[in-house]
Amino acid sequence: MRIDLHTHSTESDGTDTPAQLVAAAAAAGLDAVALTDHDTAAGWAEAANALPPGLRLVRGAELSCASDDGSGRRITVHLLAYLYDHTSPALVEEQLRLRLERRQRLRVMAERMVEDGFPIDPDELMAAMPADAPAGRPHLAMALIRAGVVTSVDEAFARYLTGGRYYVPRTDTPVARAIEMISEAGGVTVLAHPFASSRGPIVSEQVVADLAALGLGGVEVDHPDHDPATRARLRGLAGELGLLTTGSSDYHGTNKTVELGAETTSPDVLDALADRATGCKVIVG
């Protein structure tokens, strides 16, 4: 079986609709795919309704969280939440807060750019997204591409969207609280690309151990941003801590060059995730 447990649709910062994503997953020869949009379960129903015969859908989300990096510095980490009850009140409230803050943050960033003469329209930017969508910097990056300011998402982030005058911080969920909320909602948590230093500051091995003690279920080992040495280090740590190890493409459609199924998860790990979860079940087309 070929299983990809980390993908994004137009409900967050991907370019495929949920229906297009599951169709693309089947065309790519996947047997199972997880839809893990940022801080929302809004694409679950569309993906389930469009599920091709035989393809398994793992419903999930990628949560933006705050964590100590192990040296006292506060950094952002991403938590993949699988097979949870998306109607859990605490989780619904927190995800709504995050989405509203993301939208306000994006507007402020766009307005600062307009003040400096960038040829973008904040109103047009926001109107192009669903009202409840978790707006993110990739949306602003795409606007800059359309305006001819940059030629790629990577260039937009490097030049304008990471630090500096146009960057606006956000208030992420404490990672310990996020693990607790997902557990209460019957789901299983996996730390996304935990040692991907090319993305920015990363947590220490001790922090991963601390999160495992709080109920973290696994770590994403096979990810495009992990080199072979990093994967070996992380796999060894997971073994010591009794954590599941997943592999995923982190697919974003044309917003990134990584293809569906570029990294995969073993069937045994998917079975373990499904066995541990009580919030919802894997759907089979």
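Colleague: Happy to look at this with you! Which hand does the crossing of α3 and α5 have?

Modeller: Glad you asked; bear in mind that this is a predicted model. The helices concerned are α3, residues 89-115, and α5, residues 137-146. Where α3 and α5 cross, the hand is right-handed.

Colleague: Nice. Are α3 and α5 roughly parallel or roughly antiparallel to each other?

Modeller: Their axes come within 9 Å and cross at roughly 30°. Angles under 35 degrees count as roughly parallel. The two helices, α3 and α5, are therefore roughly parallel.

Colleague: Turning to the annotation, what domain does UniProt place at residues 3-67?

Modeller: That span is 25% helix and 32% strand, and its end C-alpha atoms lie 29 Å apart. The name comes from an unreviewed UniProt entry, which gives residues 3-67 as "domain: Polymerase/histidinol phosphatase N-terminal".

Colleague: Finally, what is the radius of gyration of the protein?

Modeller: The protein has 10 helices and 9 strands. For 285 residues the globule rule gives 19 Å, and the protein comes close to that, so it is as compact as a globular protein of that length. Its C-alpha trace spans about 55 × 45 × 40 Å along the principal axes. The radius of gyration itself is 18 Å.

Notes:
Residues numbered from 1 in each chain as written. Predicted model: local features only at pLDDT ≥ 70, side-chain atom pairs only at ≥ 80, totals over all residues. Heavy atoms only, no water. Axes fitted to C-alpha atoms, helices over the stretch in contact; angles between N-to-C directions. Helix = DSSP H or I, 4+ residues; strand = E, 2+ residues; numbered from the N terminus. Parallel < 35°, antiparallel > 145°, perpendicular 65-115°, else oblique. Left-handed = near helix turned anticlockwise from the far one by under 90°. UniProt positions renumbered as here; feature names shortened; annotations may be inferred. Rg over C-alpha atoms; globule rule 2.2 N^0.38 Å.
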